[in-house]
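User: I am new to this structure and would like to go through it in short steps. Could you show it first?
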Amino acid sequence: MIEHGLLQALIYLGAAALFVPIFKRIGLGSVLGYLVAGVAIGPSGLRLISETDLVQSISELGVVLLMFLVGLELNPTRLWSMRKTIFGLGSLQVFITITATAVTLHSFKIDWPAAVALGMAASMSSTAIALQLLAERKLTVAPPGQASFSVALFQDMTVIPLLLGLAMLSPDLAESGHRLLAWRPIATGAALLTGMVIAGRLLLRPLMRWVATIGMREIFIAFVLLLVIGSALLTESIGLSMAMGSFMAGVLLADSEYRLELEVDIDPFKGLFLGLFFMAVGLSLDLAQLMRQPLLVGGMALIIVLIKIGVMRALGRIFGLKRENGWMFALSLSQVGEFAFVLLTQSQDYHLISAAQASLAKTVVALSMLTTPLLFLAFDRWIAPAYRRTAERQPDRIDERNKVIVAGMGRFGQIMVRILRATRIPITVIDNDPHQIEAASRFGWRTYYGDASRPDVLEAAGLEDATLIVLAMNDAQKVISTANYIRLRYPKVKMIARARGRADAMELERVGIPAVREVFGSALEATERALVLLGTEAVEAAHIVQRFREHDDRLLREMMKASHDDAQMRAIFDRGRQAFLQLLQAEQDKQATRKKEKDAALRTDKDA
C-alpha cells in the first residue's frame with residue numbers, strides 16, 4: 001500500500017495515462033478507461049490505493065464543475081422553457097422507477113420499506129457518466145442530451161424529498177413530532193436557492209466585473225473556483241447535492257458577458273477532476289463480493305439497468321424522443337448514480353436495510369455504472385446501424401492567416417465577402433453549414449467548415465493577429481456571446497456584428513460592439529423606392545429615409561437606457577414615433593414653402 005500523497009497522485013496519473021488512451025484507441029471510450037483504471041489500482045485490484053475516501057471527496061469536484069458548465073449553457077429564460085421536460089419527464093422517471101424497482105424487489109421476498117428505500121436509490125442516475133458519454137458524441141445540446149440533463153436536474157432537486165421519504169419510512173422516527181421535523185430541510189432549501197438567485201442578481205456580476213478589471217487571469221480563475229465550490233458546499237450543508245449549488249451558480253452567469261471566458265478557463269479543470277471521479281467509481285467496486293456472489297450481484301445490476309432502460313424508453317416516446325434519440329436517452333441514464341450511496345447509507349442508519357444489504361447494493365450500484373459505457377458500445381454496434389446518421393463533421397484545418405475574418409457565409413456574409421474580395425482584401429471565411437460551403441465553392445470561394453462561436457476555431461483562424469472580424473452567423477445568441485468573448489480576450493481586434501433585429505442590436509451596442517441590423521438597410525432602400533413609385537421625387541424620398549435612419553439611431557440609444565423596463569421602452573417608442581411624425585411634417589412644410597417661393601419667383605420672371 002502506498003500512502004504518500006505525491007506517490008498516490010503519480011499512481012492516479014499513471015493509471016489514467018495508461019488505460020484511457022488504450023481504451024480510446026480500441027474504441028471503448030475514455031469513461032470505461034477511467035473506470036477500469038480505478039478498479040486496477042484500487043483495493044479490488046493491485047491494491048496500490050487503499051484509502052479511497054479522500055479521492056472520492058476530491059473527485060466530486062469534477063461533477064461540480066461539470067454542472068457549473070452545464071448551467072452556463074442555460075440562462076433562466078431557456079431553463080424556464082424546459083420546465084415541462086424537467087418536472088414532467090423528471091418526476092415521472094423518479095416515481096415510476098421507484099415503483100417498478102420496489103415491486104420487483106418485493107417479489108423477491110424483500111419487505112416493502114426496504115424495497116421502497118432501495119427503489120429510491122435505484123431512481124438516481126449518474127449525471128457525470130451520462131453527460132460525459134453524450135458529450136463524447138456531441139449530443140449534449142441535442143434532444144437526448146437535453147432530456148438526460150432535465151431528468152438529472154430533477155433528480156438533484158429530489159434529494160431532500162427522498163431523504164424525507166426515508167425518514168417517514170423509518171421505524172425509529174415513528175413519533176409524529178420527529179417526522180414533522182424532517183420537513184424543515186425543504187423550506188430551508190427553498191429559502192437558500194431563493195437567496196442565491198437574489199444575491200447572484202444583485203452582487204455577483206458587479207463583483208466579477210471588479211475582479212476582471214484586475215487583469216490577472218489566475219485571480220479570475222481563482223475567484224470562479226471559489227464561487228463554484230462555495231455554492232456547492234452551501235447547498236450540501238442543507239442536504240441538497242453539491243451539483244445543485246454549482247448548477248445554480250452557472251445559471252446565474254449564463255447570460256453574462258463572461259460566459260465564454262468561464263467555459264474556456266474551467267473546462268480543463270472539469271476534465272481532470274471528472275476523470276478522477278470515474279476512477280473513484282472504479283475504486284469503490286468490491287470485486288471480492290462480486291466474485292463471491294457473481295450471479296446475485298450481476299443479476300441485480302442487470303435487473304435494475306433493464307428496469308431503468310424500459311422506463312426511460314417508454315417515457316422518451318411519450319415526450320417525443322424516438323428512434324436513436326430515445327435509445328441514447330434511455331442508455332445514458334440506465335445506471336444508478338453516485339447519490340445512491342448517500343441514500344443507501346441513510347437507509348442503513350434508519351434501519352430500513354441491513355449492513356449486508358447496504359454493502360451488496362453499493363456493489364450493484366458501482367457495477368451498474370460500469371455497464372453504461374458497454375451499453376453505448378452495444379448501441380454503436382447493433383442499434384445505431386438501423387438509425388445511421390451522418391457523423392458530425394470536424395472543423396477544417398485553417399492553413400492561412402488573414403487580417404479579416406468573416407464568420408458566416410449566409411445572405412448577409414456573402415455580400416460583404418463579395419465586396420471585400422473585389423477590393424483585393426484577403427479574407428478567411430468560416431461557416432458551419434455544409435450546404436453554404438458547397439454553394440460558395442461553386443463560385444470559387446474557399447470557405448472553412450467550423451463553428452466560429454468556439455474559441456478553438458477562432459484561434460485556429462488566427463484571430464489573435466487579425467485586424468477585423470465580421471460576426472455574420474445566423475444564430476443571434478452565438479453572435480452576442482462570441483462578440484463578448486472576443487472583446488474580453490482580444491480587445492485589439494475590431495468587430496462588426498450582425499444583428500437580426502432591434503433587441504439584438506441593443507444587446508451588442510450596450511457592451512460597445514458595433515451592430516448592423518440585417519434587414520434595416522434593405523428595408524430603408526425598399527421604402528425609398530416605394531416613395532418614388534408613389535410619386536415622391538427621388539431627392540425628397542432619399543431625404544426622408546435618411547432622416548428616419550438618424551431618428552431611429554437616436555431612438556435605439558434612448559431605448560437602451562430603459563431596456564430593463566418594458567413600459568418605459570414602449571413610452572419612449574411612442575414618443576419617438578410622434579417626434580418623427582412632427583419632424584416629417586415640418587420637413588414637408590419647409591418643402592412646400594420652398595416650392596411656393598420657387599413657383600412665385602418663376603411667375604415673376606415670366607411676367608418680367
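User: What is the handedness of the crossing where α16 passes α17?
Analyst: α16 passes α17 in a right-handed crossing, meaning that the near helix is turned clockwise from the far one by less than a right angle. Helices here are DSSP runs (H or I, at least four residues), numbered from the N terminus.

User: Which residues of α16 and α17 make the contact?
Analyst: From α16 they are I309, M312, R313 and G316, and from α17 they are R323, G326, W327, F329, A330 and L331. Contact means heavy atoms within 4.5 Å.

User: At what angle do the axes of α16 and α17 cross?
Analyst: The axes of α16 (residues 294-318) and α17 (residues 323-332) cross at roughly 140° and come within 8 Å. α16 and α17 are therefore oblique to each other; that term covers angles left over once under 35 degrees is called roughly parallel, over 145 roughly antiparallel and 65 to 115 roughly perpendicular.

User: What kind of model is this, and how are residues numbered?
Analyst: This is a predicted model, in which local features need pLDDT of at least 70 and side-chain atom pairs count only at pLDDT 80 or more, while totals for chains, interfaces and linings use all residues. Residues are numbered from 1 along each chain as its sequence is written, and side-chain values use heavy atoms, leaving out hydrogens and water.

User: New topic: how many aromatic pairs does the structure hold?
Analyst: There are six aromatic pairs. Rings of Phe, Tyr and Trp (its six-membered ring) pair if their centres lie within 6.5 Å, and planes under 30 degrees apart count as stacked, over 60 as edge-to-face and the rest as tilted. One of the pairs is F19 with F23, which is tilted, at 6.5 Å centre to centre and 45° between the planes.

User: Where do F19 and F23 lie?
Analyst: Both are in helix α1 (residues 5-25), four residues apart, about one turn of the helix. F23 has 12% relative accessibility, so it counts as buried (under 20% relative accessible area; exposed is over 50%, partly exposed in between, with a 1.4 Å probe and protein chains only).

User: Which helices hold F149 and F247?
Analyst: F149 lies in helix α8 (residues 143-157) and F247 in helix α13 (residues 242-252), so the pair ties together parts 98 residues apart in sequence. F149 is buried at 3%, and F247 is buried at 2%.

User: And is S59 buried or exposed?
Analyst: S59, found in helix α3 (residues 53-72), is buried at 1% relative accessibility. Leaving aside neighbours within four places in sequence, S59 is in contact with F273, L276, F277 and A280. Ring pairs also link F277 with Y34 and F278 into a cluster.

Technical notes: Axes fitted to C-alpha atoms, helices over the stretch in contact; angles between N-to-C directions. Helix = DSSP H or I, 4+ residues; strand = E, 2+ residues; numbered from the N terminus.
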